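Here is a short report on one protein model. Look at the structure first, then read on.

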Amino acid sequence: PEGQCIGSSIYSASYDYFKAFDKNTSTYWESASGPPQWLGYIFAVPVFVHTVRLTGYSTAGSAYNPTSVKVQYSNDGVSWTDVATYNQEFTSTQTSLPIPLKAGFHRYWRVYINQTNGSYPIITELDFVGFRQM
């Protein structure tokens, strides 16, 4: 869908936000510093997200893998609402995160990374799964 990739920071242009949305696990987003950091998407129209698919950097124990994330939404890109928190390691195996149905339709969605295994967070793929408001 049409929209814009957004985030808190990038390590360099080689690791830009859109690399996490390109359906290519050999490219990725890397932040410019350690947590907290975030990565998200501004949709052209409000969307109802029911699942977030998140893929970390490497096998279990990698310093770059997120280990605690929050899924958040916003109507203005300034004030964010927590939807759910997931405390687990996100490895190179894609993980599907169910989103509570109460979240509703919003244009701004993001994954807020609270913690990694010790380094800058890397996300190889991020996908907000849902449907658009008609």
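## A buried alanine

Ala84 is buried, with a relative accessible area of 15%. Buried means under 20% relative accessible area, exposed means over 50%, and partly exposed lies in between (1.4 Å probe, protein chains only). Ala84 sits in strand β5. Strands are DSSP runs of E with at least two residues, helices are runs of H or I with at least four, and both are numbered from the N terminus.

What does Ala84 touch, not counting residues up to four places away in sequence? The answer is Val69, Lys70, Val71 and Pro100. A contact means heavy atoms within 4.5 Å. Pro98 is 14 residues from Ala84 in sequence, and their C-alpha atoms are 8.8 Å apart in space.

## Where the values come from

This is a predicted model, where local features need pLDDT of at least 70, side-chain atom pairs count only at pLDDT 80 or more, and totals for chains, interfaces and linings use all residues. Residues are numbered from 1 along each chain as its sequence is written, and side-chain values use heavy atoms, with hydrogens and water left out.

## The overall build

The protein has 9 strands and 0 helices. From the N terminus on, its elements run β-β-β-β-β-β-β-β-β. The C-alpha trace spans about 40 × 30 × 25 Å along its principal axes. The radius of gyration is 14 Å, which agrees with the value near 14 Å for a compact globule of 134 residues. That radius is taken over C-alpha atoms, and the globule rule is 2.2 Å times the number of residues to the power 0.38.

How much of the protein counts as buried? The share is 49% of the 134 residues. The accessible surface comes to about 6500 Å², and 48% of it belongs to carbon and sulfur atoms. Such areas come from the Shrake-Rupley method with a 1.4 Å probe; for residues, only the protein chains shown count as cover. Now take contacts between residues at least 6 apart in sequence: 72% of them join residues at least 24 apart.

## Charges and salt bridges

The protein carries 8 positive and 9 negative side chains. The centres of the two sets lie 7 Å apart. Lys and Arg count as positive, Asp and Glu as negative, while His and the chain ends are not counted. Each charge is placed at NZ of Lys, CZ of Arg, CG of Asp or CD of Glu.

Side chains of opposite charge can pair when their charged atoms come close. How many salt bridges does a search of the whole structure find? It finds 3. A salt bridge is a side-chain nitrogen of Lys or Arg within 4 Å of a carboxyl oxygen of Asp or Glu.

## Two bridges on one aspartate

Asp127 and Lys23 meet through their side chains in a salt bridge (3.8 Å, N to O). This pair links distant parts of the chain, 104 residues apart. Asp127 is in strand β9 (residues 125-132), and Lys23 is in the loop between β1 (3-7) and β2 (29-30). Asp127 is partly exposed, at 22% relative accessible area. Lys23 is exposed, at 63%.

Arg53 also forms a salt bridge with Asp127, with the closest N and O atoms 3.5 Å apart. Arg53 counts as partly exposed at 32% relative accessibility.

## A third bridge

Lys70 and Asp82 form a salt bridge, their closest N and O atoms being 3.7 Å apart. Lys70 lies in strand β4 (residues 66-74) and Asp82 in strand β5 (residues 81-87), so the pair ties together parts 12 residues apart in sequence. Salt bridges that share partners join Lys23, Arg53 and Asp127 into one network. Is Lys70 buried or exposed? Lys70 counts as buried, at 18% relative accessibility. Asp82 counts as partly exposed, at 44%.

## Loop details

Phi of Lys23 is near 60°, a positive value in a residue other than glycine. The peptide bond from Pro35 to Pro36 is cis, with omega near 5°. Pro36 is in the loop between β2 and β3.

Asn117 lies in the loop between β7 (105-116) and β8 (122-123). Asn117 is partly exposed, at 35% relative accessibility. Tyr64 is 53 residues away from Asn117 in sequence, yet their C-alpha atoms are 6.2 Å apart. Leaving aside neighbours within four places in sequence, the contacts of Asn117 include Gly61, Ser62 and Glu89.
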